[in-house]
Amino acid sequence: SALVPLQITPVAQVNLASTTQNFQFIRPEVVLASFSPTRGVYTGGTVINAIINNFPEGSTPGTVKVKFGNTLVAAQNVTVPLSTRASTQLRIVAPPGTISPTPV
């Protein structure tokens, strides 16, 4: 974030004083808006489409880090079909996972 002075001066009335206050520019919070599917096979390979709001515009696979738990997804398994100021679309190939034993 950056703090800058905001100065407002009436143009038509040159004899009036101007006023100055501080204004803060902030970066909007990055939000994972949606992703699907929400589950896949434990052997990996499920293609996940994710939409992230307020992600840096112009993102590329080399500038995005994706993790499933502690497992980092290799850059070649992440593509960025769309990256705009408002939202970024990611296509992620899920790595192999683990499944817990199911009680019988």
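Q: Which residues form the largest nonpolar core of this predicted model, and which element gives the largest share of this core?
A: The largest nonpolar core has 12 residues: Ile48, Ala50, Ile52, Phe55, Val64, Val66, Val73, Val78, Val80, Leu90, Ile92 and Ala94. Strands S4 (47-53), S7 (78-83) and S8 (87-93) are the elements that give two or more residues to it. The largest share, three residues, comes from S4.

Q: How many helices and how many strands are in the chain?
A: From the N terminus on, the elements run β-β-β-β-β-β-β-β. The count is therefore zero helices and eight strands.

Q: With which residues is Ile92 in contact, leaving aside its neighbours within four places in sequence?
A: Ile92 is one of the residues of the largest nonpolar core. Leaving aside neighbours within four places in sequence, the contacts of Ile92 are Thr46, Val47, Ile48, Ala50, Val66, Phe68, Val73 and Asn77.

Q: Is Thr46 buried or exposed?
A: Thr46 is found in the loop between strand S3 (31-36) and S4. Leaving aside neighbours within four places in sequence, Thr46 is in contact with Pro37, Arg39, Gly40, Val41, Ile92, Val93 and Ala94. Its relative accessible area is 16%; buried means under 20%, so Thr46 counts as buried.

Q: The backbone nitrogen of which residue lies 3.5 Å from a polar atom of the side chain of Thr46?
A: Among the contacts of Thr46 are Gly40 and Val41. The backbone nitrogen at 3.5 Å from a polar side-chain atom of Thr46 belongs to Val41.

Note on methods
Residues are numbered from 1 along each chain as its sequence is written. This is a predicted model: local features need pLDDT of at least 70, side-chain atom pairs count only at pLDDT 80 or more; totals for chains, interfaces and linings use all residues. Side-chain values use heavy atoms; hydrogens and water are left out. A nonpolar core is a set of buried Ala, Val, Leu, Ile, Met, Phe, Trp, Tyr and Cys residues joined through side-chain atoms within 4.5 Å. Buried means under 20% relative accessible area, exposed over 50%, partly exposed in between (1.4 Å probe, protein chains only). Helices (H or I, at least four residues) and strands (E, at least two) are DSSP runs, numbered from the N terminus. Contact means heavy atoms within 4.5 Å. A polar contact is a pair of N or O atoms within 3.5 Å; within protein, one must be able to donate a hydrogen and the other to accept it, and residues adjacent in sequence count only if both atoms are side-chain atoms.
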